[in-house]
Amino acid sequence: MSKVLEYIKTNELAWQPSFNGAVGDLEGYRGALIVEEGKQLSPDRKLPPKIQAKQVIMVCDDEKMKFLTCELDSFNDFAPMYDKYKEFFSPEGIYVLYVTDLDGSGTFEYEGVTFTAYPLDESSVWNEILELVDLEKGDMKKLSAEEKIETLYDEVVDNDTTDAQKTYDAMCELIGESSKQLMGAV
């Protein structure tokens, strides 16, 4: 098991995982990751996480995250997420964030690691990242969970997922109101 997934398991940071396993020669994860835990109500009962990276799709080698894409409710959640998982980010990795309260997009560097952030209005991270790397959703439906992550990762590596260069401070200035539309029955 990679150090990334071992850290997640040991610290009980996986939240509603839908995949956790081999992706070719690498390892993958889909689900949410806890950034800040919910309040402990009793020894066996805990509130949902206060901050989480949602809709996570991650590929890692033995030591580092090679690819991560996820949804953040606010760009203000980025720094706590980075701090929680910083030992696993790498300058060579590809990190694409979809943030519900951003009024614009950009690629920025944070502590020597490059991230790209896009607004997320009403779609899902899965749909957005497929569109970003020009993969057809219909073609992906035929694949297993492992094959989906592997195919996506291969395309992410072969495509440019970056946006206009901005500073981290400039990205913080793009924080607005959450624009995500709730879908489904209310």
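1. Let's start with the strands. β1 (residues 14-23) and β2 (residues 26-36) run antiparallel and are joined by 7 bridges. Strands here are DSSP runs of E with at least two residues, helices are runs of H or I with at least four residues, and both are numbered from the N terminus; two strands pair if DSSP finds at least two bridges between them. Alanine 14 stands opposite leucine 33 in β2, and alanine 22 has glutamate 27 of β2 as its bridge partner. The hairpin of β1 and β2 has 2 residues between the strands, and in it glycine 24 takes a positive phi near 65°.

2. A word on the source: this is a predicted model, in which local features need pLDDT of at least 70 and side-chain atom pairs count only at pLDDT 80 or more, while totals for chains, interfaces and linings use all residues. Residues are numbered from 1 along each chain as its sequence is written, and side-chain values use heavy atoms, with hydrogens and water left out.

3. Follow β2 onward and you reach β5 (51-60). β2 and β5 run antiparallel, with 8 bridges joining them. Glutamate 27 has cysteine 60 in β5 as its bridge partner, and glycine 31 stands opposite valine 56 in β5.

4. β5 in turn pairs with β6 in the antiparallel sense, over 5 bridges. The two form a hairpin with 4 residues between them, and lysine 54 has glutamate 71 in β6 as its bridge partner.

5. Are β2 and β5 largely enclosed or open? In β2, 9 of the 11 residues are buried, so the strand is largely enclosed by the rest of the structure. β5 is likewise largely enclosed, because 8 of its 10 residues are buried. Buried means under 20% relative accessible area, exposed means over 50%, and partly exposed lies in between (1.4 Å probe, protein chains only).6. The largest nonpolar core has 36 residues, and those with the most contacts inside it are Phe78, Met81, Phe89, Leu97 and Phe115. Such a core is a set of buried Ala, Val, Leu, Ile, Met, Phe, Trp, Tyr and Cys residues joined through side-chain atoms within 4.5 Å. At least two residues of this core come from each of α1 (3-10), β2, β5, β6 (65-72), α2, β7 (94-99), β8 and β9. A second, separate core of 21 residues includes Val59, Phe67, Leu120 and Val125. In soluble globular proteins, nonpolar side chains tend to be buried together.

6. Leaving aside residues up to four places away in sequence, phenylalanine 115 touches Phe78, Tyr82, Phe89, Tyr95, Leu97, Gly106, Thr107, Phe108 and Tyr110. Contact here means heavy atoms within 4.5 Å.

7. Next, the aromatic rings. Rings of Phe, Tyr and Trp (its six-membered ring) pair if their centres lie within 6.5 Å, and planes under 30 degrees apart count as stacked, over 60 as edge-to-face and the rest as tilted. By this rule there are 21 aromatic pairs. The rings of phenylalanine 78 and tyrosine 82 have centres 6.1 Å apart and planes at 35°, so this pair is tilted. Both residues lie in helix α2 (residues 78-85), 4 residues apart, which is about one turn of the helix. Phenylalanine 78 is buried, at a relative accessible area of 0%, and tyrosine 82 is buried too, at 4% relative accessibility.

8. Ring pairs also link a cluster made up of Phe75, Phe78, Tyr82, Phe89, Tyr95, Phe108, Tyr110, Phe115 and Tyr168.

9. Which residues of α3 are buried? They are Val125, Trp126, Ile129 and Leu130. These residues lie on the same side of α3, because they cover an arc of only 130° around the axis; the arc is that of the directions from the helix axis to the C-beta atoms. Their cover includes β2, β5, β6, β7, α4 and α5 (145-158).

10. Tryptophan 126 has a charged residue over its face: arginine 30, at 4.4 Å from the ring centre. A charge sits over a ring if NZ of Lys or CZ of Arg is within 6 Å of the ring centre and within 35 degrees of the ring normal.

11. Finally, two backbone angles to check. Most residues other than glycine have a negative phi, and most peptide bonds are trans. Glutamate 111 has a positive phi, near 50°, and its place is in the loop between β8 (106-110) and β9 (113-119). At 51% relative accessibility, glutamate 111 counts as exposed. Aspartate 134 has a positive phi near 65° and lies in the loop between α3 (125-132) and α4 (137-141). Aspartate 134 is exposed, at 65% relative accessibility.
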